[in-house]
Amino acid sequence: MKYNLWFGVYDGKEVKLSENFEESFLKAENPSPLPFNVSELGMQVLGEDYYQILRKTALQVSEKQVERELRREDRYVVALVKALEEIDEAINMLSEKLMDIKAVKESDITESFESKIGELKELRREVEREIEEVMRKIAPNMTELVGAKIAAKILERAGSMERLVRLPASKIQVIGAEKSLYKAFARMRRGKKAKIPKHGIIFLHPFIRTLPKSKRGKMARFLAAKLAIAAKIDYFRGEVDESLYESIRKRYEELRRK
Amino acid sequence: MRELMRNVYLKDGTLVTKSRYGSHYGEKVFGGFREWIPWRSKLAAMILKGHRLKLRGDEKVLYLGAASGTTVSHLADIVDEGVIYAVEYAAKPFEKLLELARERNNIIPLLLDASKPWKYSGIVEKVDLIYQDIAQKNQIEILESNAEFFLKKGGEIVIMVKARSIDSTAEPEEVFESVLKKMREKFEIISHGTLMPYHRDHIFIHAASRRKAKTF
């Protein structure tokens, strides 16, 4: 039996001390619980300084990990969301062509189409799962409020967490509805009446979608305001604030009752 | 001033821990004490609700879901001669936890997924206490696998359960009942209770490992 420990490898008799503690720290995996206590063995090898050396190694390793994680994760989500959109497009396009072919003639080729579409759908599910996992990590409050899917789409439109936290709530409210927003602005500039969109991506949220039209604007405004706060907490503090979800649920019920 | 637990006092109605360190999360610091805010820390809420942990101060603790280290900082005041292995998966709050770990010498920070204890099986030793506050659907399974890897015989467990993270549609009472039932299968429950008014729809469960299998 071989045990991987943060300070080296133990074969049941002797410890082969690692030359680089940071490396062995990252590889200290074992499939089942150790039949001995790491710290007791460690103190035999490293002496009284065991905990100080462990602490120093843990600090060095995690400082590097944190820096790497924070720099990369939001860009990863942005790329995944873009990929997801393309996958959807491909699925739609292939399904459409399949129908066209089927309408003319039932043949073997239609089966290959179907299996390819099935594979793409499986890929889409995988990408969605990955987005969900990363979003929970980098934006737990936004994910709690609107779900990973909507939160990720908003992040994708903003470009990065850094840019997202600098957006005002009013922008978050209409993000994704740029086309109709700028169309409305253009009409206003010409002195005409214009309908400014009440919601963009956040319309996908059931709390907005399920309300009557006249109340959606109010809910969208409220939700966007809370999202702006959530994004800031996610970026600067990272802890989950449970009162946020509670407040939007209350507001929703208020509006639904009226 | 009344001593509630080791290094934990009630000072003019305010919960504090004896500490020689400065403020970590905006809490007040005065004359060698740090205010312990029950709205921020569920462990503080649990103590104010009248529940105590018997700690000597030299315990080894595995803390799952350390977040930015609010509760860890006070626990580190209490087990000032022990060691806390603080596991947190999210990088953002971990930054703050790192600051704390740099300042104290009894915190080992681990940026790792608590649901994969084998990944840190060669780092974390056998511990006297597992503290878990991770608000995840499978938090009991995560606790069980960590206990299997790291909890000493006779070691204790404190977990915080948030009803909505286990099942967002069921009534909190139902969720708590099913969690307690699951816990009883593997552990000996010492006590449990709500954290009202500090944290809504949360309970704490204080348990211990079974010393030996039940015999009939």
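How many residues does the contact take from chain A and from chain B? In this predicted model, chain A gives 40 residues and chain B gives 39. The two chains bury about 3,300 Å² between them. Carbon and sulfur atoms account for 56% of that area.

Six salt bridges are found between chain A and chain B. Glu144(A) forms a salt bridge with Arg164(B), and the closest N and O atoms of this pair lie 2.8 Å apart. On the side of chain A that touches chain B, two or more residues come from each of β1 (3-5), α2 (38-46), α3 (50-104), α4 (108-138), α10 and α11 (242-257). The most come from α3(A), with 13 residues. By class, this side of chain A has 19 nonpolar, nine polar and twelve charged residues.

Within chain A, helix α5 (residues 140-158) meets helix α10 (residues 213-236). Their axes come within 10 Å and cross at roughly 100 degrees. Angles of 65 to 115 degrees count as roughly perpendicular, so α5(A) is roughly perpendicular to α10(A). From α5(A), the contact is made by Pro140(A), Asn141(A), Met142(A), Leu145(A), Val146(A) and Ile154(A). From α10(A), it is made by Leu223(A), Lys226(A), Leu227(A), Ala230(A), Ala231(A), Ile233(A) and Asp234(A). The residues of this helix contact divide into ten nonpolar, one polar and two charged.

Key
Residues are numbered from 1 along each chain as its sequence is written. Chains are lettered from A and ligands numbered from 1 in the order in which they are written. This is a predicted model: local features need pLDDT of at least 70, side-chain atom pairs count only at pLDDT 80 or more; totals for chains, interfaces and linings use all residues. Side-chain values use heavy atoms; hydrogens and water are left out. Axes are lines fitted to C-alpha atoms, for helices over the stretch in contact, and angles run from 0 to 180 degrees between N-to-C directions. Helices (H or I, at least four residues) and strands (E, at least two) are DSSP runs, numbered from the N terminus. Angles under 35 degrees count as roughly parallel, over 145 as roughly antiparallel, 65 to 115 as roughly perpendicular and the rest as oblique. Contact means heavy atoms within 4.5 Å. Ala, Val, Leu, Ile, Met, Phe, Trp, Tyr, Cys and Pro count as nonpolar, Asp, Glu, Lys and Arg as charged, and the others, Gly among them, as polar. Buried area is the accessible area (1.4 Å probe) that two parts lose on being put together, summed over both. A salt bridge is a side-chain nitrogen of Lys or Arg within 4 Å of a carboxyl oxygen of Asp or Glu.
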